[in-house]
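Here are my notes on the model you sent. Please read them with the structure open.

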Amino acid sequence: MDKVVIFTEDRKLLERLSSIVKKSLPENSKGAAAFSDPVDTLNCAMESRDRLNCFIDVDSSSCDGLKLIKLLKKLNTSASIVFMSKSGRYAMEAFELDIVDYLKLPPEEEKITEAVKKLEAVNSRDESNGVYIKTFGAFEIIKGGVRIPWKNSKPKELLAFLVDSRGDDVSSEKIQRTLWEDSDRDKAASTYHTTLYQLRKKLGNNGIEDILVGSRGSQRVDTSRFKCDMYEFEREAAEGTKEAYRRAFELYKGGYLENNSYKWSRLTRVRLQMQFEQVLQEI
């Protein structure tokens with residue numbers, strides 16, 4: 001587990017959090033840094049090459065807590081956030097920011113320790129076997145705890161569409177009709193082959209080309225080569241135990257692909273939303 005960063009203006013709370021967090025950290029952790037100044041917190045994120053695990057008090061009077069979290073995630077794209085608030089505000093916004101845990105201030109020691117364990121689990125999950133695909137909120141590929149950046153949106157959408165198909169073969173014709181529905185047949189076919197080439201190149205440059213499997217006239221993803229939050233959510237929701245429902249709740253970090261505006265994802269988004277509402281009733 002990489003470095004932990006703690007931010008709150010309340011110095012007594014900062015001292016208590018720092019003490020409990022440091023005591024709870026695993027042996028492989030790189031330690032914890034505590035700040036009462038948001039600028040110092042951002043400087044730490046900007047200068048650090050480690051993956052950050054952040055405890056952020058959003059009730060700060062010196063800065064907008066939500067903007068601070070967004071800036072932290074821009075400066076350190078693999079940062080994991082524990083959201084802390086005395087007032088309970090921003091609870092809904094927390095889902096949209098890929099939050100690992102939500103602590104009501106002042107937190108019990110047990111809750112702080114649980115939050116550290118959740119951060120450790122996220123770190124282990126993203127680093128195990130290299131590849132983790134995130135679909136709740138925004139589509140992201142994480143390799144070794146680091147998000148892969150995309151300059152071209154269409155190869156990313158093509159991969160998201162194949163992930164949505166859960167490893168089933170998808171014909172080239174169906175891909176073209178879905179992703180380029182407004183183009184004529186010849187143009188759609190030409191653009192599809194260019195996009196597929198770009199996707200293969202992008203995956204190859206990141207050493208994960210084996211997640212894409214092509215055959216004559218179709219494409220699919222090899223689901224054994226990566227982990228995916230949607231797949232995990234569906235498994236946990238289907239298991240139906242109290243503990244499984246809690247795990248499903250923690251996986252749901254906003255609507256399915258809601259930040260990507262893919263028209264074809266609407267039906268899956270509605271279905272998963274219905275599953276999530278059932279999970280809420282059970283926990």
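1. N260 counts as buried, because its relative accessibility is 17% (buried means under 20% relative accessible area, exposed over 50%, partly exposed in between, with a 1.4 Å probe and protein chains only). N260 sits in the loop between helix 10 (242-251) and helix 11. Helices (H or I, at least four residues) and strands (E, at least two) are DSSP runs, numbered from the N terminus. Setting aside neighbours within four places in sequence, N260 is in contact with G137, A138, F139 and K156; contact means heavy atoms within 4.5 Å.

2. A word on the source. This is a predicted model, in which local features need pLDDT of at least 70 and side-chain atom pairs count only at pLDDT 80 or more, while totals for chains, interfaces and linings use all residues. Residues are numbered from 1 along each chain as its sequence is written, and side-chain values use heavy atoms, with hydrogens and water left out.

3. Helix 11 covers residues 266-282, 17 residues in all. From first C-alpha to last it reaches 25 Å, close to the 24 Å expected at 1.5 Å a residue; the expected span is 1.5 Å times one less than the number of residues. Its buried residues include T268, L272, F276 and V279. These four lie on the same side of helix 11, because they cover an arc of only 70° around the axis (the arc is that of the directions from the helix axis to the C-beta atoms). The face turned away from that buried side carries the exposed R266, L267, M274 and Q281.

4. Helix 7 (residues 172-179) buries S172, I175, Q176 and L179. They span an arc of only 95° around the axis, so they are on the same side of helix 7. Their cover includes helix 6 (153-164), strand 9 (170-171), helix 8 (185-205) and strand 11 (218-221).

5. How do helix 7 and helix 8 pack? The angle is about 105°, with the axes 9 Å apart. Axes are lines fitted to C-alpha atoms, for helices over the stretch in contact, and angles run from 0 to 180 degrees between N-to-C directions. That makes helix 7 roughly perpendicular to helix 8 (under 35 degrees is roughly parallel, over 145 roughly antiparallel, 65 to 115 roughly perpendicular, the rest oblique). S172, I175 and Q176 of helix 7 meet R185, A188, A189 and Y192 of helix 8.

6. Helix 2 (residues 38-47) and helix 3 (residues 65-75) pack at about 20°, axes 8 Å apart. That makes helix 2 roughly parallel to helix 3. P38, T41, L42, A45 and M46 of helix 2 make the contact with L68, L71, L72 and L75 of helix 3.
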